[in-house]
Amino acid sequence: MASKLHLITYGCQMNEYDSERVAGLLREREYELTDDEREADVILVNTCAIREKAEDKVYSRLGQLKERKAARPDLVIGVMGCMAQLQQEQVRRRAPSVDLVFGSPAIARVGELVERARRERRPILDTAEAPLVKITAKPASADRLKAFVTVMEGCEKHCTFCVVPRTRGRERSHSPESIVAEVEGLVAEGCREVTLLGQTVNAYGRDLTPLTDLAELFQRVNDVAGLARIRFTTSNPYNLTTRLVGAIRDVPKVCEYFHLPLQSGSNRLLERMNRGYTRERYLELIAELRAAVPEIALSTDLIVGFPGETDEDFQATLEMVDEVGYDNVFAFRYSPRPGTPAAQFPDQVAPEVKASRNARLLEVATRVAAERSRRLEGRRVEVLVDGTSKRNEAEVSGRTRCNRVVNFHGDHRVSVGDVVSVRVTEALPHSLRGVLASMPEDAECFSR
């Protein structure tokens with residue numbers, strides 16, 4: 001009988017990708033993935049260390065799993081990911097029921113590590129650095145329509161608030177050949193859309209010989225027959241080049257959606273954060289993007305309550321949301337991270353001030369996003385159908401190239417995986433409503 005694996009994942013798209021690969025690698029060792037932790041022989045918790053709240057969730061979950069292990073001593077509990085890499089000793093101290101702690105570099109060896117933990121019945125720790133390995137294994141249950149593809153890992157920016165350089169290491173790129181091969185394999189299994197992942201994805205290729213870049217990779221992935229769409233995340237403004245902007249405009253399968261973290265609208269705070277650009281430079285980049293791809297959909301990350309943030313600094317951030325006109329904003333209250341310079345800054349902002357500013361920022365962001373969405377009313381957009389509407393089983397749902405959810409009646413003419421043209425009839429707070437218009441040759445999404 002196959003052993004059962006249960007995976008619990010916190011954090012970003014990279015963690016989702018890593019969990020999929022772990023499930024695939026263990027599947028090769030005849031582990032069967034289960035959604036029911038009560039059935040599991042092995043439970044792995046993939047963790048995030050970007051904010052304290054995420055860590056608190058992990059420790060709370062480990063406390064619950066402790067009771068399950070008490071009832072079943074042969075259960076193996078493992079912690080992987082960024083918390084494991086950053087806080088291995090603290091994890092073992094606060095959660096002594098954990099049998100296995102391993103960082104992202106050890107994912108390629110997960111099968112061996114799990115078997116050791118089951119066999120030796122003693123704590124196993126593996127958080128050492130390791131060569132970058134391209135892992136394409138995935139579980140049978142993986143989404144066939146859309147897929148994440150890691151193109152690089154690591155970050156060397158050293159923002160003063162961030163632990164990623166310590167949890168993911170230096171920037172390392174996968175070869176274009178290995179990435180294209182992975183995409184070809186995914187498409188052969190029915191994949192229509194890939195998201196190219198990296199902590200600083202637009203720095204891709206600088207470490208390779210011969211040198212290459214994300215623009216060149218776009219073209220190579222675009223040439224994969226059967227693939228409909230290419231997305232990418234996350235970018236750093238410092239690495240946004242004119243060549244990349246041109247590729248977003250010119251490579252047909254690259255979607256008109258760009259996530260470009262700003263973090264703050266205040267130059268003083270951007271310098272304190274060590275972001276490497278100014279408010280003015282960021283606006284120049286936005287202008288260049290919009291000149292090349294008119295009305296491109298933009299999203300961003302913003303931190304409120306960074307140490308030393310004044311009312312004037314915060315107001316500068318609000319002004320940037322209006323000036324840029326973001327389609328989506330991910331707002332976060334600053335969370336001190338152990339070992340980062342910002343955690344030691346003396347002028348920490350009070351929690352109640354962070355909460356108030358966060359609420360005000362979300363109000364502005366919601367208003368701006370609604371204004372952007374209303375511009376789509378009456379227009380035809382290209383939609384990749386990805387399932388049934390969550391609120392109405394008689395409708396189908398999909399996403400535009402600009403990453404908006406659209407619900408509409410398929411009239412029994414469309415199936416999951418189809419790319420169709422939909423006329424938008426109404427912009428709602430978190431989605432669009434539409435009617436099926438035609439096949440995609442007449443569709444447009446902002447600039448295309």
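## A pocket and a strand

Five nonpolar, two polar and five charged residues line the second largest pocket. Here Ala, Val, Leu, Ile, Met, Phe, Trp, Tyr, Cys and Pro count as nonpolar, Asp, Glu, Lys and Arg as charged, and the others, Gly among them, as polar. This is a predicted model, where local features need pLDDT of at least 70 and side-chain atom pairs count only at pLDDT 80 or more, while totals for chains, interfaces and linings use all residues. Residues are numbered from 1 along each chain as its sequence is written, and side-chain values use heavy atoms, with hydrogens and water left out.

So what's a pocket? On a 1 Å grid over the protein atoms alone, it's an open set of points where a 1.4 Å probe fits, with protein on both sides within 12 Å along at least five of seven lines; lining residues have an atom within 4 Å of a point. This one has a volume (the space filled by probe spheres set on the points) of about 370 Å³. Its lining includes R51, E52, F332 and K354. Helix 2 (52-71), strand 14 (328-333) and helix 13 (351-374) each give the lining at least two residues; helices (H or I, at least four residues) and strands (E, at least two) are DSSP runs, numbered from the N terminus.

Now for strand 16 (residues 396-400): four of its five residues are buried, meaning under 20% relative accessible area with a 1.4 Å probe, protein chains only.

| Partner | Sense | Bridges | Facing residues |
|---|---|---|---|
| Strand 15 (380-388) | antiparallel | five | V383 and T400 |
| Strand 17 (405-409) | antiparallel | four | V406 and G398 |

In the hairpin of strands 16 and 17, four residues sit between the strands, and N403 has a positive phi near 75°.

Note on methods: Buried < 20%, exposed > 50% of the residue type's maximum accessible area, 1.4 Å probe, protein only. Pairing = 2+ DSSP bridges.
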